[in-house]
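Please read this briefing alongside the sequence and the structure shown below.

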Amino acid sequence: MRLVIARCSVDYVGRLSAHLPTATRLLMVKADGSVSVHADDRAYKPLNWMSPPCSLREEHGRWTVTNRAGEQLVITIEEMLHDSRHELGVDPGLRKDGVEAHLQQLLAEHIEALGHGYRFVRREHMTAIGPVDILCRDAAGLTVAVEIKRRGEIDGVEQLTRYLELLNRDPLLAPVRGVLAAQGITPQARVLAADRGIACVTLDYDALRGIDDAASRLF
């Protein structure tokens, strides 16, 4: 990983154009080729970024990052304050607890639980910021990214939002919509998900395992 602190301005040129005026920022270049621009007030979320595969061309006072769609992230560096490289090695990744991991496996096997006509594509679809639990297609053939939680909360919606921002930059997948699937989903998470166009699905763990006895239910 390469970490650069520089006084710079940033322009994104593509389907949408965006400009960041001159300020001191952290530029992060990862081993996978991704480049992201960070401020000191946004927690983990970058101000702008370019997902791999992409190329970085460095010239005096100027970085140009280009992805395979021809979009560019142009960073104009006025002053370089820090430049360091670090070998982080292979990360084992975030491991879900037993219930979430089993839910992912069960939903992959019974993807129709999301709706009629859904087709499973793959589990653990990798992005620059981590794996999407399940990638599938709906009855219309559109790509759907599914984030699975034992309990669906605002953090799960935020996580899925970040995945969708990246996935929708891939012309082979876009447009991609999101589904938050959980055994229980909080009202706050439902409101935020609806605001961001993300669907919510409540999963019945026993039904997915095939042990739900409808005859023993009162309702």
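**Sheets, helices and a pocket**

An open sheet is formed by five strands in the order β8-β9-β10-β11-β12, with mixed pairing; strands, like helices, are DSSP runs numbered from the N terminus (E, at least two residues, for strands; H or I, at least four, for helices), and two strands pair if DSSP finds at least two bridges between them. The model is a predicted one, in which local features need pLDDT of at least 70 and side-chain atom pairs count only at pLDDT 80 or more, while totals for chains, interfaces and linings use all residues. Residues are numbered from 1 along each chain as its sequence is written, and side-chain values use heavy atoms, with hydrogens and water left out.

**The seven-stranded sheet**

- Seven strands form an open sheet with antiparallel pairing, in the order β4-β3-β2-β1-β7-β6-β5, and the edge strands, which pair on one side only, are β4 (48-50) and β5 (54-59).
- Strand β5 runs antiparallel to strand β6 (residues 62-67) and is joined to it by six bridges; leucine 56 has valine 65 in β6 as its bridge partner.

**Two packed helices**

- Helix α2 (residues 154-167) and helix α3 (residues 187-195) pack at an angle of about 25°, with their axes 8 Å apart, where axes are lines fitted to C-alpha atoms, for helices over the stretch in contact, and angles run from 0 to 180 degrees between N-to-C directions.
- The two helices α2 and α3 are therefore roughly parallel to each other, a term that counts angles under 35 degrees.
- In the contact (heavy atoms within 4.5 Å), Ile154, Val157 and Glu158 of α2 meet Gln188, Ala189, Leu192 and Ala193 of α3.

**The second largest pocket**

- The second largest pocket has a volume of about 290 Å³, a volume being the space filled by probe spheres set on grid points joined across faces, edges and corners.
- A pocket is an open set of points, on a 1 Å grid over the protein atoms alone and for a 1.4 Å probe, with protein on both sides within 12 Å along at least five of seven lines, and lining residues have an atom within 4 Å of a point.
- Among the lining residues are Tyr12, Arg15, Glu71 and Arg169, and strand β2 (residues 18-29) gives the most to this lining, with three residues.

How values were computed: Parallel < 35°, antiparallel > 145°, perpendicular 65-115°, else oblique.
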